[in-house]
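Please examine the sequence and the model shown here.

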Amino acid sequence: MKRMLAISLLIGLAAGLAGCYDEPGVTVYEPGVYKGDHDPLLDKMASEDHRETLQARFRTVQTDR
Amino acid sequence: MARMKFLCDADRCIECNGCVTACKNENEVPWGVNRRRVVTLNDGEAGEKSISVACMHCTDAPCAAVCPVDCFYTTTDGIVLHDKDLCIGCGYCFYACPFGAPQYPQQEAFGVRGKMDKCTFCAGGPPADNSDDEYAKYGANRIAEGKLPACAEMCATKALIAGDGDLIADIYRKRVLKRGGRPDTWGWDAAYGDKV
């Protein structure tokens, strides 16, 4: 009987100590995968013509006076 | 591949807030939300400097890294956008952003913030380009029209420039050479002076 009690106490102690364990490593979260709707602008920006249009616009309105 | 960036030349910015007004006008930004604002350092003292700040469309955007619902996406040209239909208004992106770019339209009790709003580089959001739905949620989509952000195009002194990062760098390099020195807007001396 005493042996059973000692074993159950040991198991309880081990379980209790295991509960106190704290993971020392730092969890690093990576950006997730976008879950929203597809933006049609992405297709437009892939075109070379659109990129050239934006660059031409930049040279027209953003250059120094 | 172009990387769309903003650059504010503090030696040219005259704190007129024209960029803020242009942004609000172009995008019908709700009252209380400032997608762009002008910050002045050492205001009122000789040598004060002003810079116009909005979302900087970070290459490794911390807002996207912390978003629990993954509502951020980055276009092929590096513009960081988000889907308001997914946003739960938790505010994590606001805490993560070093520029204070994410804004919330509601200030009510119990943390009700509403959907996050921020600068879109005038590139709208996921709904169809230049649709009413897109305009209501995100504002104008000037990029789809072949135009650049209204704030930069309206800047009277060309302090604020927006576009391909390589082209911006060329312009700024020429300005610095013409001024005959390195920019003293940032760097160790600007931040700490000669005391450290």
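This is a predicted model: local features need pLDDT of at least 70, side-chain atom pairs count only at pLDDT 80 or more; totals for chains, interfaces and linings use all residues.

## Chain A

Chain A contains three helices and zero strands, and its order along the sequence is α-α-α. Of its 65 residues, 12% are buried.

## A salt bridge between the chains

Over all chains, the salt bridges number 16. One of them pairs B:D77 with A:R51, whose closest N and O atoms are 3.8 Å apart. The pair joins two chains, because B:D77 sits in the loop between β4 (72-74) and β5 (80-82) of chain B, while A:R51 belongs to helix α3 (residues 48-61) of chain A. Both B:D77 and A:R51 are buried.

## Salt bridges within chain B

B:K137 and B:D85 form a salt bridge with an N to O distance of 3.0 Å. B:K137 is in helix α4 of chain B and B:D85 is in the loop between β5 and α3 of chain B, so this contact ties together parts that are 52 residues apart in sequence. B:K137 counts as partly exposed because its relative accessibility is 22%. B:D85, at 47% relative accessibility, is also partly exposed.

A second pair is B:R173 with B:D170, where the N to O distance is 2.8 Å. These two residues both lie in helix α6 (residues 165-179) of chain B, and they are three residues apart, about one turn of the helix. B:R173 has a relative accessibility of 48% and therefore counts as partly exposed. B:D170 is partly exposed as well, with a relative accessible area of 34%.

Salt bridges also link B:D9, B:D11, B:K49, B:R175 and B:R179 in a network.

Side chains of opposite charge can pair when their charged atoms come close.

B:E134 is located in helix α4 (residues 132-138) of chain B. Leaving aside residues up to four places away in sequence, B:E134 touches B:A123, B:G124, B:G125, B:P127, B:A128, B:D129, B:G139 and B:N141. Helix α4 of chain B also holds B:K137, the residue bridged to B:D85.

## Surface patches

A negative surface patch consists of B:E15, B:D43, B:E45 and B:E48. Within this group, B:E45 is in the loop between β2 (37-41) and β3 (49-53) of chain B. B:E45 counts as exposed because its relative accessibility is 51%, and the cut-off for that class is over 50%.

A nonpolar surface patch of about 430 Å² is made up of B:V66, B:Y92, B:F94 and B:Y95. Helix α3 (residues 92-96) of chain B gives the largest share of this patch, three residues. B:F94 lies in that helix. With a relative accessible area of 37%, B:F94 is partly exposed.

Technical notes:
Residues are numbered from 1 along each chain as its sequence is written. Chains are lettered from A and ligands numbered from 1 in the order in which they are written. Side-chain values use heavy atoms; hydrogens and water are left out. Helices (H or I, at least four residues) and strands (E, at least two) are DSSP runs, numbered from the N terminus. Contact means heavy atoms within 4.5 Å. Patches are made of residues with over 30% relative accessible area and no salt bridge: like charges are joined within 9 Å, nonpolar side chains (Val, Leu, Ile, Met, Phe, Trp, Tyr) within 5 Å. Accessible areas come from the Shrake-Rupley method with a 1.4 Å probe; for residues, only the protein chains shown count as cover. A salt bridge is a side-chain nitrogen of Lys or Arg within 4 Å of a carboxyl oxygen of Asp or Glu. Lys and Arg count as positive and Asp and Glu as negative; His and the chain ends are not counted. The place of a charge is taken as NZ of Lys, CZ of Arg, CG of Asp or CD of Glu. Buried means under 20% relative accessible area, exposed over 50%, partly exposed in between (1.4 Å probe, protein chains only).
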